Amino acid sequence: MEVVSGMQNEKVALFIIFGGSGDLARRKLYPSLFRLYQKGYLSRHFAVIGTARRPWENDYYRQIVVDSLNDIQATDEQIAEFAGHFYYQSHDVTNAAHYTVLKKLADTLDQKYQLQHNRIYYLAMSPNFFGTIAKHLKSEQILTTAGFNRLIIEKPFGHDYESAAELNQQIRASFEEDQIYRIDHYLGKEMVQNIAAIRFGNNIIESLWNNRYIDNIQITLSEALGVEERAGYYESAGAMRDMVQNHISQIATLLAMEPPVSFSARDIRHEKIKVLRSLHIDTPEEAQHNFVRGQYGPAVIDGQRLEGYREANNVASDSKTETYVAGKMEFENYRWAGVPFYVRTGKRLAKKETRVDIVYKQLPTNIFKAAQDDNKLGHNILTIFIEPTEGFSLRVNAKRLGQGFATRPVDLNFRHSAAATGNSPEAYERLLLDAMNGDSTNFTHWDELSQTWKFADVVEKVWSENTPTDFPNYASGSMGPKAADELLARDGRHWIFSAQPK
Ligand SMILES: NC(=O)c1ccc[n+]([C@@H]2O[C@H](COP(=O)([O-])OP(=O)(O)OC[C@H]3O[C@@H](n4cnc5c(N)ncnc54)[C@H](OP(=O)(O)O)[C@@H]3O)[C@@H](O)[C@H]2O)c1
């Protein structure tokens, strides 16, 4: 484990976590803060206030924090010392008077731990409350004038462009854009760095990274699980809002952007926003043609029955919500004109895997074909593996052993070892540290969100006006509906990644 030596890397801040009793706080935030503590980023000068309506005492809250660290190796002493920095404040975010009490506690802890008035507000609760919390933080003067104030907010950021813009306006009334950290936890998975390293660290890759050499790009976020306990939220969101508008669009943006002047958050953001402005917003007719949706039905795999989406708790028995999306994105600029970015994501698919397949154009002529009729050259394919393992592979054509000129595809493969991947920081750990450092590279800017909402809205509108008649249209454990294959077949292409259920 990396341990930061000395105190120079120690971060100084008060965390105020709204939704401190909730699932996200317990499963992700407390363990991540503890890992940062173990690594020395948090030491003496930090404190955490957890807030929620239930009337807990500090001791009870600290026990909740301790229980959340069950899976982490540490001494009892270390855990107790860490938990001692946690304070609970019963607080209804809609009650202005409660903020006065919160301010007092914040000021007291600021003095006690010498926190230099640095504050990080983490909104780990329903987005319906984001606006009111931001407003009260300012009006009740919890925002400090001497240190930094940073607001971390969870997804979903709006339900469509209009609601996202309204939410943004509410938050911007209290916080400047550079004080707002909108989480996209996919960006916390070393993704920016991964894609950047492959693209900008390799001449043979970056020099061919354009429409002269690339035929199409495929982004797959395939999930093996169903909606599980998130059905209530998912039913009103669907795969388009849950995955395409944010995570998939972010991956596409990182692949499509121009090389930044430097790796500073500002320069990367500049390029991301610029390329998103060239994202083609479909007309309703195009959206109908370019996107397909699906919903999983039940299946029996290895004698085990998997329930269909409509059988899940909190899901309507005639639900029209999509659990699968496949579609085509296009960037209208000099680098990418004519290169489709095919994207797909779905629940209950054959395998959990996040990857990007970059399919290169065929050579202008195939001399091997002339030599031997049945010997077709395959496309060169660069695959970037994002989850569950990280790495990449490059498919090239090589000569088969033996006489003649027959070729076969060979994959040059690199994967980080499971041990190395296991030691790399969790997405939330990385994001919390980034926010403490004031580094917004791995968070989304409003200009990015506004563009991807406009893109998703057209598809949502077309879908809302055309009720699907064939749901459920793919079986649990499959690779999605047939229409997704037909989408590419129409363009004379096929999905590179496919899997059988395990
Ligand atoms: N859980 C995850 O893994 C996950 C992953 C990605 C994104 N998210 C996002 O993270 C946010 C939180 O999710 P969650 O799963 O942690 O939700 P949750 O378990 O339902 O927690 C909600 C929290 O809000 C508090 N709360 C509700 N109404 C309140 C009020 N009026 N005043 C003060 N506190 C109030 C609740 O405590 P009281 O009832 O005691 O007030 C609870 O602590 C959501 O935006 C979600 O979309 C969660």
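I began with α7 and α9, whose crossing is right-handed. I am working from a predicted model here.

Next I looked up the geometry of this pair. Helix α7 covers residues 191–200 and helix α9 covers residues 231–256; I noted that their axes come within 10 Å and cross at roughly 25 degrees. Angles under 35 degrees count as roughly parallel, so I wrote down α7 and α9 as roughly parallel to each other.

Then I wanted the residues behind the contact. From α7 I listed Met191, Val192, Ile195 and Arg199, and they meet Ile251, Leu254, Leu255 and Ala256 in α9. Sorted by class, I have 7 nonpolar, no polar and 1 charged residues for the contact of α7 with α9.

On to α1 and α3. At what angle do helix α1 and helix α3 pack? I found about 115 degrees for α1 (residues 23–38) and α3 (residues 76–83), with the axes 11 Å apart. That makes α1 roughly perpendicular to α3. I logged this crossing of α1 and α3 as right-handed. On the α1 side I see Tyr30, Leu33, Phe34, Tyr37 and Gln38 in the contact, and on the α3 side Gln78, Ile79, Glu81 and Phe82. The class tally I have for α1 with α3 is 6 nonpolar, 2 polar and 1 charged residues.

Last stop, the ligand. I counted 20 residues surrounding the ligand, and the closest are Ser21, Asp23, Arg27, Arg53 and Arg54. For Arg53, I noted a polar side-chain atom 2.7 Å from a ligand oxygen atom. Leu24 has a polar backbone atom 2.8 Å from an oxygen atom of the ligand. For Val93, I recorded a backbone N or O atom 3.0 Å from a nitrogen atom of the ligand.

Terms used. Residues numbered from 1 in each chain as written. Predicted model: local features only at pLDDT ≥ 70, side-chain atom pairs only at ≥ 80, totals over all residues. Heavy atoms only, no water. Axes fitted to C-alpha atoms, helices over the stretch in contact; angles between N-to-C directions. Helix = DSSP H or I, 4+ residues; strand = E, 2+ residues; numbered from the N terminus. Parallel < 35°, antiparallel > 145°, perpendicular 65-115°, else oblique. Left-handed = near helix turned anticlockwise from the far one by under 90°. Contact = heavy atoms within 4.5 Å. Nonpolar A, V, L, I, M, F, W, Y, C, P; charged D, E, K, R; others polar. Near = heavy atom within 4 Å. Polar contact = N/O pair within 3.5 Å; in protein donor to acceptor, adjacent residues only side chain to side chain.
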